[in-house]
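Welcome, and please load the model in your viewer. We will go from stop to stop, selecting a few residues at a time.

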Amino acid sequence: MILNAKFRGSVLSDAGRPVPPRRGMLAVAILLGISLSQTGCSLGPRQVITTKAVEVPADMSAHQRLEETSKVADAARQSGNFSTCAELYGKVIAQGVDTIDVHLNLGECLLGSGNINGALSEYKLVENRAPTDARGQIGMGRLNLVRRQPALALAAYSRALGAAPGNPVATNGMGVALDLLGRHADAQATYRRGLAANPDDRTLRNNLGLSLVFTKNYDEAVGILTALAEEPEATSRNRQNLALALGMQGDTTDAKMVAAHDLDDSSVENNLRYYDYMRGTSDLSAPAHVLVPPAPTP
């Protein structure tokens with residue numbers, strides 16, 4: 001199999017709700033867990049950027065100050081520092097920069113920081129000003145995934161693909177929405193269409209692999225997710241998705257080895273019990289949650 005070195009990290013969060021989920025809710029929990037990371041919001045290491053970074057010399061012109069604020073806002077957004085970038089983009093808009101791009105960026109930052117209503121306002125503004133701009137519809141799709149309204153997300157991603165046929169982000173979002181609606185065959189066909197045009201897209205490959213797990217096509221799922229987990233840019237989430245596929249397939253030994261690359265022993269055992277429960281091979285009640293590895297830190 002793969003993976004020799006282990007990283008012993010703490011467990012950060014559930015993948016689902018705080019009560020033991022039904023077997024049929026596993027796909028929803030996992031797909032909601034990946035939907036943001038796969039459609040635009042960074043889950044990578046977080047760079048600490050504060051508003052102090054925009055303190056500039058007094059002799060700088062107003063235009064130069066605005067440019068510096070914009071640069072810091074962009075850096076904060078790209079590093080996943082969403083609260084900071086939302087504040088800074090708000091300042092940029094207040095200083096007269098009222099473009100579609102800055103409103104899209106502000107919407108992303110507000111959504112990433114958990115301000116759903118604020119993000120909705122920004123995406124509606126973009127939708128009203130530029131109804132054929134696929135980026136606004138992609139933002140609305142992501143927002144509706146966060147709100148657990150996959151039917152609305154599906155409609156938004158469909159509009160995005162109407163404006164920008166073949167857009168891989170919109171294609172992936174449509175697949176996630178279809179999976180959340182239980183339409184796994186349609187989701188898999190969507191991911192495959194995306195991969196026909198973008199065969200190296202790691203997000204589409206990952207989500208196709210997960211979708212195949214939900215339809216018990218374990219051999220193909222394990223093949224896809226193993227290839228992802230073996231790549232140099234593989235993440236802890238890639239490895240845990242592979243562990244899920246192996247565990248659901250009944251390959252407990254390999255599932256344990258892969259899961260242990262990122263989780264401590266008790267977390268690994270908890271996940272193995274969860275896989276047994278989901279396969280219906282355990283008489284025990286479901287564990288409270290399936291555990292996920294920690295996000296990387298700087």
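Is Tyr-274 buried or exposed? Select Tyr-274 and see: with a relative accessible area of 2%, Tyr-274 is buried (buried means under 20% relative accessible area, exposed over 50%, and partly exposed in between, using a 1.4 Å probe and protein chains only). The residue sits in helix H14, residues 265-279. For a distance label, pick the C-alpha atoms of Tyr-274 and Gly-247: they are separated by 8.8 Å, while the two residues are 27 apart along the chain.

A word on what you are looking at. This is a predicted model, in which local features need pLDDT of at least 70 and side-chain atom pairs count only at pLDDT 80 or more, whereas totals for chains, interfaces and linings use all residues. Residues are numbered from 1 along each chain as its sequence is written, and side-chain values use heavy atoms, with hydrogens and water left out.

**The whole chain**

Zoom out and switch to a cartoon. The protein has 14 helices and 0 strands (helices are DSSP runs of H or I with at least four residues, strands are runs of E with at least two, and both are numbered from the N terminus). Of its 298 residues, 50% count as buried. Take the contacts with a separation of 6 or more: residues 24 or more positions apart account for 57% of them (contact means heavy atoms within 4.5 Å).

**The disulfide**

A disulfide joins the two, with an S to S distance of 1.9 Å (the cut-off is a pair of cysteine sulfur atoms within 2.5 Å). A search of the whole structure finds 1 disulfide. The pair links distant parts of the chain, 24 residues apart: Cys-85 belongs to helix H3 (residues 82-94) and Cys-109 to helix H4 (residues 100-112). Look along the S-S bond, and you will find -125° about it, a left-handed link.

Both cysteines are buried. For Cys-85 the relative accessibility is 0%, so this residue counts as buried. What does Cys-85 touch, leaving aside its neighbours within four places in sequence? Ala-73, Ala-76, Arg-77 and Cys-109 are in contact with Cys-85.

**Helices H8 and H9**

Now colour residues 168-180 and 184-197. These are helices H8 and H9, whose axes come within 8 Å and cross at roughly 165° (axes are lines fitted to C-alpha atoms, for helices over the stretch in contact, and angles run from 0 to 180 degrees between N-to-C directions). That crossing makes H8 roughly antiparallel to H9 (angles over 145 degrees count as roughly antiparallel, under 35 as roughly parallel, 65 to 115 as roughly perpendicular and the rest as oblique). The crossing is left-handed (the near helix is turned anticlockwise from the far one by less than a right angle; clockwise would be right-handed).

Show the side chains where the two meet. H8 brings Thr-171, Asn-172, Met-174, Gly-175, Val-176, Leu-178 and Asp-179, and H9 brings His-184, Asp-186, Ala-187, Thr-190, Tyr-191 and Gly-194. The residues of this contact divide into 5 nonpolar, 6 polar and 2 charged (Ala, Val, Leu, Ile, Met, Phe, Trp, Tyr, Cys and Pro count as nonpolar, Asp, Glu, Lys and Arg as charged, and the others, Gly among them, as polar).

**Helices H13 and H14**

The axes of H13 and H14 are 10 Å apart, and the helices pack at an angle of about 145°. Here the crossing is right-handed. From H13, select Thr-252, Ala-255, Lys-256 and Ala-259; from H14, select Val-268, Glu-269 and Leu-272. The contact of H13 with H14 divides into 4 nonpolar, 1 polar and 2 charged residues.

Select Asn-241 in helix H12, residues 236-249. At 5% relative accessibility, Asn-241 counts as buried. Not counting residues up to four places away in sequence, Asn-241 touches Asn-206, Leu-210 and Leu-225.

Which loop holds Arg-148? Arg-148 lies between helix H6 (134-146) and helix H7 (150-163). Its phi is near 60°, a positive value in a residue other than glycine. Arg-148 is partly exposed, at 41% relative accessibility.

Finish at Lys-216, in the loop between helix H10 (202-214) and helix H11 (218-230). Lys-216 also has a positive phi, near 65°. With a relative accessible area of 62%, Lys-216 is exposed.
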